[in-house]
Amino acid sequence: MPDDEREREHRRLRVCFLIAAGALLCVLVLVVIRAEQAPWRVLQKEFLGMGLPGTDEEMELGIRQYYTCASEVDRCSTCHLGIERRDLGDDNIPIPFRAHGPGLGGHLPNRIGCSSCHGGSGRALDPGVAHGLADARAKDPLMGQPHIQASCARCHVPGAREGQERLEQGAWLYLGLGCLLCHPLTDGGRGGLDFGPDLKMIGRKGLGYLKTSLIEPNENFPGSTMPSFRLALDKELEATENLLIYLESLVLDRYPACGTREKSQGMVGKPCATCHAGQEGRASGRLKHRCTYILRGAAELRCTNCHSSGIPPTGRGQGYCPLVKQHREGCSACHDGAARAPM
Amino acid sequence: MRPGAHAEGDTLTHRMRRNFLFHLHPVQVPTRTLRPTTTLGLGVITLTLFLVLAASGVLLMVYYVPTPREAYSSTQDLQYAVTFGAFVRALHRWAGHAMVLTAFLHLLRVFFTGAYFRRELNWTLGLGLFLLTLGLAFTGYLLPWDQLSFWAVSVSANLLDYIPWIGGSLKRVLLGGHGVSQAALIRFYMLHVAFLPGLMLGLVLLHLWRIRKDGGLAREPGKGPVDLPTLPAWPHLLLREAILIIVVLTLLCLVATFVSAPLGGPPDIHNPSNPEKTPWYFLWVQEMVSYSAPVGGFIFPGFVLVSLFLLPFLEREPEGVGRWFGMPGKRVAVVVSMVLALCFFVLFEWMFMKQGVVSWLSARPPLFRDLLNPASGMLLVAVFHFAATGVLVRSTRTACLVAVMVLVVAVVGFTVVAWCRGPMWIFFWPWEEWALAG
């Protein structure tokens, strides 16, 4: 190759090099711009630009995070910036910035986070993932009523507090329809394997799937020996949904360390003392069972046949109620691990 | 002061002559080396990807915690909260996948240009590097600890069971138990961040050193650098390489910023997804195992691996070294065999997807299924092509080229078929919706 041609070649290569380097630089700038356009940054800028009282455009916000009862990171308030601000409850304020509606009670976001009750993926800052389950990309049903009631079971006995009626009815259906005769609740009160398959995760499958499973068990599981609940549930979509809400509560981890947890939930640790009020944890024999199912189902259970003194039974707990004993697995519908507890 | 440091005419070109890179490249290189079609730059691309992976991997290590409790949540933190975390994660992921692909293509390039001729050591080193690349990709696959990675690694580890005698023990050593658990995670992490990259770095340096010692790119024997037109490596080679590296980096950054690395839900150790697939680079083995475990899990991959390692020791024909597909007059054999292999592949797959054939086979002893399936079929086609070409064309190089072409068609074909598989390993076309039949 002659010298001048080499020189031209060299020049061409240098130009190509500069173009490539320029392109790389542009792409790196693009990377930075894209990172700046993360959804939560855009929302925070929008929030500051709204000129709401107590905010200032110069304010530094950044990622804000709380911790759930199980010490999981919860970053929801990075976008839901007004969630704790009572003064931002106005309907004109768009949703991500508006304050939490009534009914929060003592469930303050800075104490238990948002995902404890609302589900979703609290660590994520991508709205699609944060509002859904990390694998599904569909919105987590727990995000809204009435399915959010399933989360109550993480700390509370179904029916123990107001506002969880659908969950309570679902738990009652689980007992009443006899689901637990084949699908027990021996695995910490949240499922287990016996005659039928474990139902711990079925709450994730949705209403349509559950309805098919109940009305046409053979459709989802060919060869299933499960009876059809067509007569009981075919027209009762709301009842099926209640059952789904209860089943959704089985999916969720319990928060045993939660401060507001009912005492009766401690059955795993001190099974006898939970029902039998005793001194220093020893059972002294008085049955103080305030189980909502026994209280409300007293007529059905025919408690008065034995307990003539009235309900709740407060007599000496010597002759354990054969009915409760026989069906004690039903206690696990609310109490985790109760199946092992002596009644 | 070194002589000439401030000498007259101390131009960039003169200073570049003392550059460290001239330990890697000679001062003058044959003009053939500079032609893009000679190597397609695959080695340089693979090396660039390796360096990108090392750099981004170190950044990921800052946040990643290798315990089952923390692995998934630290990956989530990287993906959502860490500044540029999602970008670095995507960069690492896509560079990893790309490196498997480019290393494979580099291997094919070296093979199809006959460049392994009298370079037994470097060919072996290169094969070792390819296996290390697969090992690194595979061990890294588990680390996000999501549903996808957990089950993909479980399925892939189960493929080891099909190796006779030592398969079960190998799997236990790799996983530290019978299933994927804490023990497996820490082993994979150690392999991924320390052992395999360290080994890889050493082998890469040896690989590069051997290229220089073997006289640069392969060319026909007897044609030394003296006989060929040459150009100075600076700027003609080095600038070309620099441009290629920058282009690779640019494309990678572009992909990483627009396509984020997937992250599934937390692993559900009781419920595998359906279908559960290995990482794409092992799909061909999984597909073949679905026909016949001994053939697909051991005989076919073992045959390919052993023949690749033995290749430069057995095939020593000097003609056509450094040229794509050997001597010009014999290239037609390679093309014909590729077309034939494709026909055979489609025929075998079509037969094997016929319900009648499958039920006829399942009524026979297992040996029938082991012998009569697409994997065994393609292996036989490869052997037959090798023998027929050897006799007809009288060239071992062409016979090897033809046989490998058949195997490449088989591997790529099985990968594509496995990629199309849906629930219960039923075949669906890509445009069909996955639905369970019946």
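Let me begin with one residue: B:F138 touches B:S156 and B:P279, leaving aside residues up to four places away in sequence. Two residues count as in contact if their C-beta atoms, placed from the backbone, lie within 7 Å. Please bear in mind that this is a predicted model, in which local features need pLDDT of at least 70 and side-chain atom pairs count only at pLDDT 80 or more, while totals for chains, interfaces and linings use all residues. Residues are numbered from 1 along each chain as its sequence is written, and chains are lettered from A and ligands numbered from 1 in the order in which they are written.

B:F138 lies in helix α7 of chain B, residues 120-142. Helices here are DSSP runs of H or I with at least four residues, strands are runs of E with at least two, and both are numbered from the N terminus. Is B:F138 buried or exposed? B:F138 is buried, because 23 other C-beta atoms lie within 10 Å. The cut-off for buried is 20 or more other C-beta atoms within 10 Å of the residue's own, for exposed 12 or fewer, and partly exposed lies in between, with C-beta atoms placed from the backbone.

I turn now to chain B as a whole. Chain B has 19 helices and two strands, and 40% of its 438 residues count as buried. Of the contacts in chain B with a separation of 6 or more, 78% are between residues 24 or more positions apart.

The domain assignment of chain B gives domain 1 (22-266) and domain 2 (277-433); such bounds come from an automatic or database assignment. The centres of the two domains, taken over C-alpha atoms, are separated by 25 Å. In chain B, 30 residues of domain 1 are in contact with 29 residues of domain 2. On the domain 1 side of chain B, α6 (85-112), α7 and α8 (147-159) each supply at least two residues, and α7(B) gives the most, with eight. By class, this side has 22 nonpolar, four polar and four charged residues. Nonpolar means Ala, Val, Leu, Ile, Met, Phe, Trp, Tyr, Cys and Pro, charged means Asp, Glu, Lys and Arg, and the others, Gly among them, are polar.

Next, the nonpolar cores. A nonpolar core is a set of buried Ala, Val, Leu, Ile, Met, Phe, Trp, Tyr and Cys residues joined through C-beta atoms within 7 Å. The largest has 106 residues, and those with the most contacts inside it include B:L91, B:L252 and B:A403. Helix α19 of chain B (residues 396-420) provides the largest share of this core, 15 residues.

In chain B, 28 residues are in contact with 27 residues of chain A. On that side of chain B, α12(B) gives the most, with 11 residues.
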